[in-house]
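I opened this one to jot down a few things.

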Amino acid sequence: MKLLRFLLFPFAILYDVVTRFRNWFFNIGILKATSFDIPVIAVGNLSVGGTGKSPQIEYLIRLLKDDYKIAVLSRGYKRKTEGFQLVNDAHTAEDVGDEPLQFYKKFKEEITVAVDADRTNGIQQLLLRNNPPEVVLLDDAYQHRKVTASSYILLTKYNDLFVDDFLLPTGNLRESRRGAKRAKVIVVTKCPENLSKGEQEKIVQKLNPKSYQKVFFTTITYDENLKGVEELTIADLQDKEVLLVTGIANPTPLLNFLKEKKVSFKHLNFPDHHNFTNQDITTIKKSFDELQSQQKIILTTEKDYMRLEGKIDPLNYISIKSHFISEEKVFNSLVFNEIKKVG
């Protein structure tokens with residue numbers, strides 16, 4: 001695989017040229033970008049793969065929902081519908097995508113959730129509603145240059161910093177690391193909880209932020225209380241045999257967490273955002289039946305639960321949250337100040 005990526009290096013150079021010209025055309029106005037009179041916060045990354053966008057979006061929802069009318073707009077990755085869709089109770093993950101459905105089910109009437117591959121049209125449609133949003137959160141929209149957001153939050157993983165990566169197809173970057181300059185905030189995600197100040201400073205030096213940029217560090221925490229068919233805690237799993245089903249970019253942190261909690265499990269791993277087929281469901285059921293214990297359950301992630309709910313039982317899921325290792329109040333103040341600049 002590494003050899004193949006090396007051989008594809010010329011294509012990475014070509015990809016760099018194309019994306020560089022595309023960004024330049026947007027910067028000088030040859031390609032049209034639309035800005036709006038309300039705060040639009042874009043959350044995204046430079047690389048493919050999971051950097052923790054959903055937990056970061058949920059953090060922003062919790063931070064802002066009591067002060068502003070919030071709308072989350074996503075493209076609805078892998079959905080089977082087209083155009084603008086306002087997420088409602090009748091939708092499935094196949095209709096609107098797993099992450100938008102997750103946001104909707106978790107926060108319900110507290111926010112508005114919509115999907116549209118054309119983010120400009122999506123925001124316009126949201127603003128035409130009788131109760132329009134006061135702040136729009138754009139999920140995974142860092143490269144969507146057709147909308148000029150009022151603020152950009154760039155995420156990069158602790159163990160896979162964008163400065164250590166290279167462009168597709170040799171590396172995993174969607175665009176050159178130069179694209180980081182659009183962000184006022186850089187969040188290093190999925191850090192160890194005990195990341196020291198010294199280690200944080202080394203990473204900041206490596207990222208070499210601009211004078212107008214601020215770097216923050218977050219970690220992922222797992223909810224001790226499971227949700228789904230049964231009311232269980234992580235501690236309860238120690239007395240059960242668990243079939244763990246995941247379709248996320250990197251399940252390793254979850255596997256390590258369960259091992260630390262002394263949970264015995266068998267793991268079925270599927271690709272990120274996997275649409276579970278009837279054959280997949282049969283495979284899962286067969287694996288579950290093969291477990292020897294009478295005390296057994298199927299455990300999955302919250303995102304996967306959106307795609308598995310109603311297809312298999314007994315199903316529980318574990319949810320995650322993003323927590324700031326330090327300077328949480330500084331981040332919160334920065335976000336509110338950015339909103340007030342537009343409002």
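This is a predicted model: local features need pLDDT of at least 70, side-chain atom pairs count only at pLDDT 80 or more; totals for chains, interfaces and linings use all residues.

Below are my notes, entry by entry.

**Entry: the model**

**Entry: helix α2**
I started with α2, which covers residues 9-28 and so counts 20 residues. From first C-alpha to last I get 29 Å, close to the 28 Å expected at 1.5 Å a residue. Next I looked up which residues of α2 are buried: Ala12, Asp16, Thr19, Asn23 and Phe26. Looking down the axis of α2, I found these buried residues within an arc of 100°, so they line one face of the helix.

**Entry: the largest pocket**
I asked how much space lies in the largest pocket, and the answer is about 1300 Å³. Its lining takes in 49 residues, and the closest to the centre are Gly50, Gly52, Lys190, Asn250 and Ile320. I also checked which elements give two or more residues to the lining: α3 (53-64), α5 (98-107), β8 (214-222), α8 (252-260) and α10 (302-308). Of these, α8 gives the most, with six residues. Sorted by class, I have 17 nonpolar, 16 polar and 16 charged residues in the lining.

**Entry: aromatic rings**
My search of the whole structure came back with 13 aromatic pairs. I picked out Phe216 and Phe331: their ring centres are 5.3 Å apart and their planes sit at 85°, so I wrote the pair down as edge-to-face. This pair links distant parts of the chain, with Phe216 in strand β8 and Phe331 in helix α11 (residues 328-342), 115 residues apart.

I then followed Phe331 to another partner, Phe324. Here the ring centres are 4.5 Å apart and the planes are at 35°, so this pair is tilted. Phe324 has a relative accessible area of 10%, so I put it down as buried, the cut-off being under 20%.

Methods:
Residues are numbered from 1 along each chain as its sequence is written. Side-chain values use heavy atoms; hydrogens and water are left out. Helices (H or I, at least four residues) and strands (E, at least two) are DSSP runs, numbered from the N terminus. The expected span of a helix is 1.5 Å times one less than its number of residues. Buried means under 20% relative accessible area, exposed over 50%, partly exposed in between (1.4 Å probe, protein chains only). The arc is that of the directions from the helix axis to the C-beta atoms. On a 1 Å grid over the protein atoms alone, a cavity is a set of points where a 1.4 Å probe fits but cannot get out, and a pocket is an open set with protein on both sides within 12 Å along at least five of seven lines; lining residues have an atom within 4 Å of a point. Grid points are joined across faces, edges and corners, and a volume is the space filled by probe spheres set on the points. Ala, Val, Leu, Ile, Met, Phe, Trp, Tyr, Cys and Pro count as nonpolar, Asp, Glu, Lys and Arg as charged, and the others, Gly among them, as polar. Rings of Phe, Tyr and Trp (its six-membered ring) pair if their centres lie within 6.5 Å; planes under 30 degrees apart count as stacked, over 60 as edge-to-face and the rest as tilted.
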